[in-house]
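The exercises below are meant for a reader who meets this structure for the first time. Please consult the sequence and the structure while working through each solution.

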Amino acid sequence: MFWRLRRNPLRRRSDLAQAWIGLGLALTVSAGTPLAMFVVGDAAHRHYARAAQHQAATRHHTTAMLVEDAPRHPEPGSAEARKTRYPTAVRFTDPDGDTHTAEADVQPALPKGSTIRVWADTEGKVTDPPLTPRQVRNHVMGSAVIAALGVHAAAAAAYATAGRAIERRNLAAWDTAWAETAPRWTTSP
């Protein structure tokens, strides 16, 4: 990219323009990346922190009883069986005393009447636990990295677009120059 900035009798103005565009984009990316990461990271942190607070306020950890037997795993005792969970109907009571029935993922082969701990929301649905500070941090970091990649992708797209436009301009100039030169090179009528 920067070889176009050197003095050279064959250097065109378009080569110089492309070099300056590349240099400007490089400086923009180096300044814009931290700024984009900070702005997006801050917005993501506020969003996920509010979501975590809302989830903590609207979800509760409660004991639920299985309404039916959980399915058996085809290979009991295997490593896969220890990790596998099956959706099974459970019944639980919310803090207001209302009874709810919902589906929860449980270990295989649990008999009807077994108790498990679940997280439930105010509507009586079984949910995931509220976001932890570590999960909030991971979401924020992921958002900031995506913002940085977006800045780099936008700069690369801008440079490629400018390069294509300059190349089209050069080709048009060469066509014009050849149209003027070609008649002097051909001897046939």
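The model is predicted: local features need pLDDT of at least 70, side-chain atom pairs count only at pLDDT 80 or more, and totals for chains, interfaces and linings use all residues. Residues are numbered from 1 along each chain as its sequence is written, and side-chain values use heavy atoms, with hydrogens and water left out.

**Exercise 1. Salt bridges**

Determine how many salt bridges there are, and describe the residues that form them.

Step 1. Side chains of opposite charge can pair when their charged atoms come close. The rule applied here defines a salt bridge as a side-chain nitrogen of Lys or Arg within 4 Å of a carboxyl oxygen of Asp or Glu. By this rule, the count is three salt bridges.

Step 2. R12 pairs with D15 in a salt bridge, and their closest N and O atoms are 2.9 Å apart. To describe the surroundings, relative accessible area is used: buried means under 20%, exposed over 50%, and partly exposed in between (1.4 Å probe, protein chains only). R12 is partly exposed because its relative accessible area is 31%, whereas D15 counts as buried at 7%.

Step 3. Between D42 and R46 there is a salt bridge with the closest N and O atoms 3.1 Å apart. Both residues lie in helix α1, four residues apart, which is about one turn of the helix. Helices (H or I, at least four residues) and strands (E, at least two) are DSSP runs, numbered from the N terminus. D42 has 33% relative accessibility and therefore counts as partly exposed; R46, at 45%, is also partly exposed.

Step 4. E123 and K125 meet through their side chains in a salt bridge of 3.5 Å, N to O. E123 counts as exposed because its relative accessibility is 57%.

**Exercise 2. Patches on the surface**

Identify which residues form the nonpolar patch on the surface, and which gather in the patch of negative charge.

Step 1. Patches are made of residues with over 30% relative accessible area and no salt bridge; like charges are joined within 9 Å, and nonpolar side chains (Val, Leu, Ile, Met, Phe, Trp, Tyr) within 5 Å. Accessible areas come from the Shrake-Rupley method with a 1.4 Å probe, and for residues only the protein chains shown count as cover.

Step 2. The nonpolar patch consists of L35, F38, V39 and V40, which together have about 390 Å² of accessible area. L35 belongs to helix α1 (residues 13–58) and is exposed, since its relative accessible area is 54%.

Step 3. For charge, Lys and Arg count as positive and Asp and Glu as negative, while His and the chain ends are not counted. The place of a charge is taken as NZ of Lys, CZ of Arg, CG of Asp or CD of Glu. The negative patch on the surface gathers E68, D69, E103 and D105. E68 is located in the loop between β1 (59–66) and α2 (79–83) and is partly exposed because its relative accessible area is 37%.

**Exercise 3. Sequence and space**

Find how far apart P130 and Q55 are, along the chain and between C-alpha atoms.

Step 1. P130 sits in the loop between β5 (126–127) and α3 (133–185) and is buried, with 13% relative accessible area.

Step 2. P130 and Q55 are 75 residues apart along the chain, and their C-alpha atoms are separated by 5.1 Å.

**Exercise 4. A backbone angle**

Describe the phi angle of A109.

Step 1. A109 is placed in the loop between β3 (99–106) and β4.

Step 2. Although A109 is not a glycine, its phi is positive, at about 70 degrees. A109 is partly exposed, with a relative accessible area of 32%.
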